[in-house]
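This note sets out several points for a colleague reading the structure for the first time. Please keep the sequence and the model in view while working through them.

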Amino acid sequence: ERLIEVPHQCYIALWGDEIERSDTYENYWENLRRLAQKLMKEMRLDEKESNYGPYIAYLKTQKRGQLPATWSKAGKVLLRKVLGPGKSKAYGNHVLPPHEA
């Protein structure tokens, strides 16, 4: 049962020409770098200037350690178990990195 649905246009994401379209890990990492830069730019803006103001304001209230990238190896393994097996069509059906946990 779906509890909430966020429209795609509300995602902080790369769109159109911002995306490196290729099935390589190099392009995957390049897209992550670009997305991180976009997020940093939005976080520097005033809440009213950002297209994502309410979400940015929420992010600024979060304590360190809330993102899975900062979790322990055991925490990451548990998250992968909860999410279940899956492949990403965007990256040539490779398991998304960091696959080494």
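This is a predicted model: local features need pLDDT of at least 70, side-chain atom pairs count only at pLDDT 80 or more; totals for chains, interfaces and linings use all residues.

1. The protein exposes about 8500 Å² of surface, and carbon and sulfur atoms supply 57% of that area. Of the 101 residues of the protein, 17% count as buried.

2. The secondary structure consists of three helices and zero strands. Along the sequence, the protein accordingly reads as the pattern α-α-α.

3. Leu-3, Ile-4, Val-6, Tyr-11 and Trp-15 make a nonpolar surface patch of about 580 Å². One of these residues, Tyr-11, lies in the segment before helix 1. Because its relative accessible area is 36%, Tyr-11 is classed as partly exposed.

4. Is Ile-12 buried or exposed? With a relative accessible area of 18%, Ile-12 falls under the 20% limit and is therefore buried. Ile-12 is placed in the segment before helix 1. Leaving aside residues up to four places away in sequence, Ile-12 touches Leu-35, Leu-39, Tyr-52, Tyr-55 and Ile-56. Ile-12 and Asn-51 are 39 residues apart in sequence, while their C-alpha atoms are 9.1 Å apart in space.

5. The length of helix 1 can be checked by simple reasoning. Helix 1 comprises 20 residues (residues 25-44) and, at 1.5 Å a residue, should span 28 Å; its end C-alpha atoms are 29 Å apart, so the two values agree.

6. Which residues of helix 1 are buried? They are Asn-27, Tyr-28, Asn-31, Lys-38 and Glu-42. These residues cover an arc of only 105° around the axis, and therefore they lie on the same side of helix 1. Helix 2 (53-60) is included in what covers them. The face of helix 1 turned away from this buried side carries the exposed residues Glu-26 and Arg-44.

7. The count of salt bridges comes to five. In one of them, the side chains of Arg-2 and Glu-5 meet at 2.6 Å, N to O. Arg-2 and Glu-5 are both exposed.

8. Another salt bridge, at 3.3 Å from N to O, joins the side chains of Lys-38 and Glu-18. Lys-38 lies in helix 1 and Glu-18 in the segment before helix 1, so this pair ties together parts that are 20 residues apart in sequence. Lys-38 counts as buried because its relative accessibility is 16%, whereas Glu-18, at 31%, counts as partly exposed.

9. A further salt bridge is formed where the side chains of Glu-20 and Arg-34 meet at 2.9 Å, N to O. As Glu-20 belongs to the segment before helix 1 and Arg-34 to helix 1, the pair ties together parts that are 14 residues apart in sequence. Glu-20 is partly exposed, with a relative accessible area of 30%. Arg-34 is also partly exposed, with a value of 24%.

10. Which residues are linked with Glu-20 in a network of salt bridges? The network links Glu-20 with Glu-30, Arg-33 and Arg-34.

Methods:
Residues are numbered from 1 along each chain as its sequence is written. Side-chain values use heavy atoms; hydrogens and water are left out. Helices (H or I, at least four residues) and strands (E, at least two) are DSSP runs, numbered from the N terminus. The expected span of a helix is 1.5 Å times one less than its number of residues. Buried means under 20% relative accessible area, exposed over 50%, partly exposed in between (1.4 Å probe, protein chains only). The arc is that of the directions from the helix axis to the C-beta atoms. Contact means heavy atoms within 4.5 Å. Patches are made of residues with over 30% relative accessible area and no salt bridge: like charges are joined within 9 Å, nonpolar side chains (Val, Leu, Ile, Met, Phe, Trp, Tyr) within 5 Å. Accessible areas come from the Shrake-Rupley method with a 1.4 Å probe; for residues, only the protein chains shown count as cover. A salt bridge is a side-chain nitrogen of Lys or Arg within 4 Å of a carboxyl oxygen of Asp or Glu.
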